[in-house]
Amino acid sequence: MRPLTPLAALAALAALSTVTACGGSPAADSATGRSGGSGGGKGTVTVRIPDPGNAGVLARGKKDGSLDKALAAVGAKVAWTGSAGPFAPAAQAMNADQLDIATGSITSGITSLAQSPGFAFFTATDPDPVGEGILVREGSDITSVQDLVGRKVAVNKGGTGEYLLLKALAKAGVPADKVERVYLRPDQTAAVFNAGQVDAWAVWSTYAVAEIGAGKAHFVADGTAIGSDNYSLNAVRSEFADQHPEVVKALYTYLHDNSAKEKRDPAAYLNVFTDAGPTAVNGRAKDVQIAFTGKGGTVDPIGPEDVKRFETVARFYADQKVTPNKVDIAAHLLDIEKLS
């Protein structure tokens with residue numbers, strides 16, 4: 001992926017659904033530049049990141065100490081704050097100076113930028129070709145996007161789900177008002193979907209893997225079939241990036257290098273802390289996740305070709321009335337290669 005020219009560039013990292021345990025702490029003081037430390041030195045910068053759970057690059061970095069080592073080299077340390085999840089609450093937490101880094105999709109990023117953003121994006125991961133799409137139950141009579149006419153489809157409002165559905169309908173020439181969107185939180189949708197209260201679910205790998213792995217569902221259209229431009233991005237709180245660019249750059253380097261390792265050996269980044277319980281992935285679901293990750297992208301700088309695709313999503317969201325106006329995404333991007 002080519003780095004940005006004088007266009008700005010920035011993307012996203014690790015989101016969160018809850019931000020309890022945030023704020024009012026020494027970590028918060030450090031992260032905003034009020035870092036402490038003994039003696040007369042500058043002190044250690046604390047960067048607040050949602051806890052990564054049991055899988056992925058950050059989970060492995062947390063367990064083996066490699067992330068601590070990478071950050072220590074630039075005088076920083078991590079404080080795990082809240083838990084990884086949807087980007088919208090993570091964006092709110094960054095705006096409230098309760099979080100410094102978060103990961104999310106370009107779609108959720110655009111709707112969050114339509115508010116009063118206090119963050120920017122500094123990395124991009126290419127759209128998932130096989131791990132996101134329109135999910136239907138096994139045995140469903142829905143065999144194409146056209147079959148969604150008159151049906152109910154679960155989506156997360158303004159995020160990946162709503163984008164995938166609208167994009168799929170537009171490509172298939174189906175008017176959006178011919179399909180009923182049922183707005184649900186992703187973590188509350190599986191029960192509704194499996195009970196047959198909705199006919200399909202526009203969703204991504206985080207939630208699709210369990211359904212597909214259990215043999216209960218399949219994609220009627222995946223990211224490739226839909227023509228998705230749904231990048232995954234890492235975001236940073238704007239004030240933090242201004243004050244600690246060297247920390248942001250070190251974090252980017254860590255994510256870039258280790259996402260490439262994860263793509264080569266996905267199994268090594270699953271069940272990092274435990275292979276049992278609700279956070280573990282086993283059986284066929286593990287095989288599904290490994291296949292998805294192996295075909296996915298890596299964390300890269302935002303290049304000019306990426307910005308064009310971001311702008312396409314922003315225009316699409318405005319045309320579909322998801323946002324009141326076209327969001328100026330380019331104004332909220334950082335060029336990671338120009339940080340020092």
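Me: Before we look at anything, what does buried mean here?
Reply: Buried means under 20% relative accessible area, while a residue over 50% is called exposed. Please keep in mind that this is a predicted model.

Me: OK, which residues of helix α4 are buried?
Reply: In helix α4, which spans residues 87-95, the buried residues are Phe-87, Ala-90, Ala-91, Ala-93 and Met-94. They cover an arc of only 160° around the axis, which means that they lie on the same side of α4.

Me: Why would residues a few places apart point the same way?
Reply: An α-helix has 3.6 residues a turn, so residues three or four places apart point the same way.

Me: And what covers the buried residues of α4?
Reply: The cover includes the strands β3 (101-105), β4 (119-125) and β10 (232-237), together with the helix α5 (106-113).

Me: What follows α4?
Reply: Asp-97 follows α4, and the phi of Asp-97 is positive, near 60°.

Me: Switching to strands, how many residues of β1 are buried?
Reply: Strand β1, residues 45-51, is mostly covered, with seven of its seven residues buried.

Me: Now the whole chain: how many helices and strands?
Reply: The protein chain has 13 helices and 10 strands, and of its 340 residues 51% are buried.

Conventions
Residues are numbered from 1 along each chain as its sequence is written. This is a predicted model: local features need pLDDT of at least 70, side-chain atom pairs count only at pLDDT 80 or more; totals for chains, interfaces and linings use all residues. Side-chain values use heavy atoms; hydrogens and water are left out. Buried means under 20% relative accessible area, exposed over 50%, partly exposed in between (1.4 Å probe, protein chains only). Helices (H or I, at least four residues) and strands (E, at least two) are DSSP runs, numbered from the N terminus. The arc is that of the directions from the helix axis to the C-beta atoms. Contact means heavy atoms within 4.5 Å.
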